[in-house]
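Work through the exercises below with the sequence and the 3D view open. Try each task before reading its solution.

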Amino acid sequence: MAEVINPAIVPKVTLPSGEQVPCVGMGTFGSDRVSAEDVSAAVAGAIRSGYRMFDCAACYGNEHEIGQVFKDAFDEGVVERKDLFIMTKVWNDMHRRVEEACDKSIKDLQCDYVDMYYIHWPFPNYHAPGCDVDSRNPDSKPFSVEEFMDTYRQCEALVEKGKIRYIGISNMTIPKLEAVLPLMKIKPATCELELHVCFQQQELYDYLVEHNIQPVGYMPIGSPRRPERDICPEDVADLEVPEMQAIAKAHGVHPALIALKWAHQRGEISIPFSVHNYASNLKCVTEDPLTDEEMATIATLEKGNRLVKGQVFLWHGANDWHDLWDEDGVIVK
């Protein structure tokens with residue numbers, strides 16, 4: 001039985017609405033390495049260990065199994081629905097049918113409503129699950145403000161219908177945000193983005209904070225077990241950087257916990273996934289904080305180490321994955 005952490009002592013982050021939510025949630029992407037059954041078993045253990053936030057997605061292929069775990073927890077009186085903050089995402093092939101996708105996620109997750117519903121990627125470029133990194137869909141297109149806003153308007157309607165409580169955006173860039181934020185009736189509460197010590201995205205992070213959008217960091221420990229297709233020779237292993245090793249040694253913990261402490265003290269919500277270490281991932285933010293000096297040291301570790309490059313979403317005529325991220329400050333067409 002994993003250690004139990006009292007949810008009341010887990011630090012909170014305040015959303016733009018004023019609602020307080022945990023600073024650590026549990027991711028549920030098995031990285032094509034962990035079965036739906038093993039992911040859902042970890043979720044069951046995590047609920048009982050004190051987790052109250054879960055980050056799901058239709059494309060992870062495990063919402064049905066996780067939903068049974070949620071139902072069991074409700075039925076057994078472990079938690080009530082109102083105690084959990086459940087997040088999920090519309091996948092790229094359902095941008096024209098958002099309500100249908102949301103209804104399926106609610107049914108699969110057995111959760112009555114969704115707390116945070118994300119647009120997983122800002123374009124409808126679809127790829128088959130588990131496809132090769134060189135795979136391309138001939139129908140893929142560059143980012144379109146009109147297409148994105150059509151999808152976003154459908155999410156706004158779901159808020160008004162009470163099916164979702166908040167809208168989240170994900171994998172965005174400053175140029176894309178500049179184009180769409182003025183058009184939104186209901187502002188996004190959060191933005192999910194890749195954040196870890198060697199990929200801090202400080203400019204985008206600061207932009208989100210300035211615009212009252214809460215950053216949610218995925219891959220917060222640098223995802224050493226990400227899918228094989230997302231591993232490139234030039235990638236940096238965040239946890240093996242000497243500074244991280246030294247800080248971890250000073251605290252007597254694994255470097256992964258230093259990464260999570262840093263994320264919390266920086267102000268983000270992090271959503272690590274682990275089959276076995278989920279209790280320590282949650283507990284670490286409740287004790288033994290990093291010093292100002294250690295935080296300053298980690299701030300120097302930015303290496304532009306993007307791990308999810310998104311190659312499979314490229315459109316015909318795109319140069320390479322850099323085009324997805326608008327690195328020159330304009331939306332790449």
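A search of the whole structure finds 12 aromatic pairs. Rings of Phe, Tyr and Trp (its six-membered ring) pair if their centres lie within 6.5 Å; planes under 30 degrees apart count as stacked, over 60 as edge-to-face and the rest as tilted. The model is predicted: local features need pLDDT of at least 70, side-chain atom pairs count only at pLDDT 80 or more, and totals for chains, interfaces and linings use all residues. Residues are numbered from 1 along each chain as its sequence is written, and side-chain values use heavy atoms, with hydrogens and water left out.

**Exercise 1. Classify the pair of Trp91 and Phe313, then locate both rings.**

Step 1. Take the geometry. The ring centres are 6.1 Å apart and the planes meet at 65°, so this pair is edge-to-face.

Step 2. Find the two residues. Trp91 is in the loop between strand S5 (85-90) and helix H3 (98-109), and Phe313 is in the segment after helix H10 (292-299), so the pair ties together parts 222 residues apart in sequence. Helices (H or I, at least four residues) and strands (E, at least two) are DSSP runs, numbered from the N terminus.

Step 3. Check burial. Both Trp91 and Phe313 are buried. Buried means under 20% relative accessible area, exposed over 50%, partly exposed in between (1.4 Å probe, protein chains only).

**Exercise 2. Classify the pair of Trp121 and Phe313, then find the cluster that holds both.**

Step 1. Here the centres are 4.4 Å apart, with 45° between the planes, and the pair is tilted.

Step 2. Trp121 lies in the loop between strand S6 (114-119) and helix H4 (145-161), and Phe313 in the segment after H10, so this pair ties together parts 192 residues apart in sequence.

Step 3. Trp121 has 5% relative accessibility, so it counts as buried. For Phe313 the relative accessible area is 3%.

Step 4. Widen the view. Trp91, Trp121, Phe123, Phe313 and Trp325 form one aromatic cluster.

**Exercise 3. Which ring lies under the charged end of Arg306, and which under Lys309?**

Step 1. The charged end of Arg306 sits over the ring of Trp325, 3.7 Å from its centre.

Step 2. Lys309 lies over the face of Trp321, 5.8 Å from the ring centre. The test is NZ of Lys or CZ of Arg within 6 Å of the ring centre and within 35 degrees of the ring normal.

**Exercise 4. Describe the surroundings of Arg52.**

Step 1. Arg52 is in the loop between helix H1 (36-49) and strand S4 (53-55).

Step 2. Look for a charge partner. Arg52 is buried yet has no salt bridge. A salt bridge needs a side-chain nitrogen of Lys or Arg within 4 Å of a carboxyl oxygen of Asp or Glu. The nearest side chain of opposite charge, Asp83, is 5.5 Å away.

Step 3. Look at the backbone. The oxygen of Ile47 is 2.9 Å from a polar atom of the Arg52 side chain.

Step 4. List some contacts (heavy atoms within 4.5 Å). Leaving aside neighbours within four places in sequence, Arg52 touches residues including Pro7, Pro22 and Phe85.

Notes
Lys and Arg count as positive and Asp and Glu as negative; His and the chain ends are not counted. A polar contact is a pair of N or O atoms within 3.5 Å; within protein, one must be able to donate a hydrogen and the other to accept it, and residues adjacent in sequence count only if both atoms are side-chain atoms.
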